[in-house]
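Welcome! Take a look at the sequence and the model below, and then we can walk through a few of its details together.

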Amino acid sequence: MAAALAVYAAGLMMLDISPTRVWHGLGQLGTIAGLMLPPSAGGHFLLYLDALGQTLSIAFLGTMLAAGVALPFGFLAARNVVANRMVHVLARRSLDTVRSIDVLVWALIWINVVGLGPFAGVLAIASSDCGSLAKLMSEAIETADRKPVEGVLASGGGRLMTIRFGLVPQVLPIFASQLLYFFESNTRSATIIGIVGAGGIGLHLYEQMRVLEWQEVAFLILMVLATVAAIDVVSRRLRLAIIGRRGA
Amino acid sequence: MLVLNDVTKSFGGSVAVSGVSMKVPSGQFVGVIGRSGAGKSTTLRLINRLTEPTKGRIGFGDLDVTALSGPALRDWRRRCAMIFQQFNLIGRLDVLDNVLMGRLTHTPGWRSAAKMWRRDDRAMALAALEQLGIAGLAAQRADNLSGGQQQRVAICRALVQEPDIVLADEPVASLDPRNAKIVMDALQRINRHFGLTVLCNLHSLDLARTYCDRLVGMAGGRVVFDDLPSALTESVARELYGLEANEVMGREPAADFAEWPAALTA
């Protein structure tokens, strides 16, 4: 405990963090908050709406691309599908590697590869998420019930049929629910990566901050908030609809 | 004729089935009895190769079952349909699709993957459901059905495989007495009307005596009794089941309770 406190104090000193700076900053924060009122689109509403649409499509396409890449890897990394230890250890390790790089880093890499714009954003989201998605998928597959698999096997079904009928119907609703969750969180990520130039509403947010148009910054933040909340509600309904069909 | 010749299965150090040999003529209704862990399930699973034998040979007619692989093994599994204690249906699919799993070996992969079943296969599945009195449930999701209904769906799946043998692994152990009777009656009908060989693991001796032509008793992975049901005397049954004897013979446990105080004070 004492050691942790010492490390904490040392960190504060080294990074030049002092209460006075926070105090002065607090005043600044108040001023900015004041300048934000009332939020205003400054006549750029349609432009911002378009950018928001772009952000949503980055999130959507990125999630879909990630899912497409993750699906085969999810099955390869599942112990009950691929008996070969080498294959699934290899699949697991490569997924972990991809997963450990943050979306912002991926965005910066892809901007250098394919140039500024939404395409880089889509690729960034896809590359950072395919690892986590594949891992989650493989775990869903591994916890699937073995009984339907044996049922299909005992009826004379081959390997692919046991996957198609024994596993896929079990894991599909779980996959769908995972995808919806990733889409939700990617709407937030897509805003952030817009700031480094990967397209979407984040770019406008950053520009308006630089030119100190705080009313428009506030407006943009509210737009993102409303969108994320709306997606939240819609995806929760969809998830329930997908999972809860039992007993209908 | 199904022939098991000195079949052994060991898992790691423990032997589940040890040197089992038997001949089952076509059309016989064989009950495999014994207490839990006697190797009954493993024996059945060895026959359709869900479990690989460690040693020994299984044959059916001219077919060397133990040597099969690939499509030949899948076709053998079609010919010896299995019915499970827990039904092993696909809960999220409807009843008809579940029954049509029995047609997988007859259907090209792309067709079954897209569930584009052939018309006559669908008709066959429906006819099977009708025979078991559950055609009205064809469009229901399997996991919405009661246990008895699910087991009947599983029997339909077995029937449309057009099998020679039906392997039933404790088919009524998770059902109430009424449903147990329905399912056992259905198995009997399959045996009598279609002449299919039935190998049925049963825990309950009463059911075994009522339905089977022949009883095979197992204990500790070995066959210790193989005769007509009438030859199974009470003393043999006690030997087979040990402490479980009263429970499986469907007798009132009152006699036991009466003996308890004496046993406790002794």
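A disulfide is a covalent bond between the sulfur atoms of two cysteines; here it is counted when a pair of cysteine sulfur atoms lies within 2.5 Å. By this rule there are zero disulfides over all chains.

Cys200(B) is also buried, at 0% relative accessibility. Buried means under 20% relative accessible area, exposed means over 50%, and partly exposed is in between, using a 1.4 Å probe and protein chains only. Cys130(A) is buried too, with a relative accessible area of 12%.

## How to read the model

This is a predicted model, in which local features need pLDDT of at least 70 and side-chain atom pairs count only at pLDDT 80 or more, while totals for chains, interfaces and linings use all residues. Residues are numbered from 1 along each chain as its sequence is written, chains are lettered from A and ligands numbered from 1 in the order in which they are written, and side-chain values use heavy atoms, leaving out hydrogens and water.

## Two helices in chain A

Helices are DSSP runs of H or I with at least four residues, numbered from the N terminus. In chain A, the axes of helix H6 (residues 118-142) and helix H8 (residues 159-195) come within 10 Å and cross at roughly 150°. That makes H6(A) roughly antiparallel to H8(A), a label for angles over 145 degrees, where under 35 is roughly parallel, 65 to 115 roughly perpendicular and the rest oblique.

Contact means heavy atoms within 4.5 Å. Residues of H6(A) that meet H8(A) include Gly121(A), Leu133(A) and Ile141(A), and among their counterparts in H8(A) are Leu167(A), Phe175(A) and Ile193(A). By class, this contact of H6(A) with H8(A) has 15 nonpolar, four polar and one charged residues.

## Around Phe75(A)

Phe75(A) sits in helix H3 (residues 45-76) of chain A and is buried, with a relative accessible area of 15%. Leaving aside neighbours within four places in sequence, Phe75(A) is in contact with Val81(A), Val82(A), Ile141(A), Ile163(A), Val168(A) and Phe175(A). Phe75(A) and Glu139(A) are 64 residues apart in sequence, and their C-alpha atoms are 9.4 Å apart in space.

## A helix pair in chain B

In chain B, the axes of helix H6 (residues 147-160) and helix H7 (residues 177-194) come within 9 Å and cross at roughly 15°. H6(B) and H7(B) are therefore roughly parallel to each other.

Note on methods:
Axes are lines fitted to C-alpha atoms, for helices over the stretch in contact, and angles run from 0 to 180 degrees between N-to-C directions. Ala, Val, Leu, Ile, Met, Phe, Trp, Tyr, Cys and Pro count as nonpolar, Asp, Glu, Lys and Arg as charged, and the others, Gly among them, as polar.
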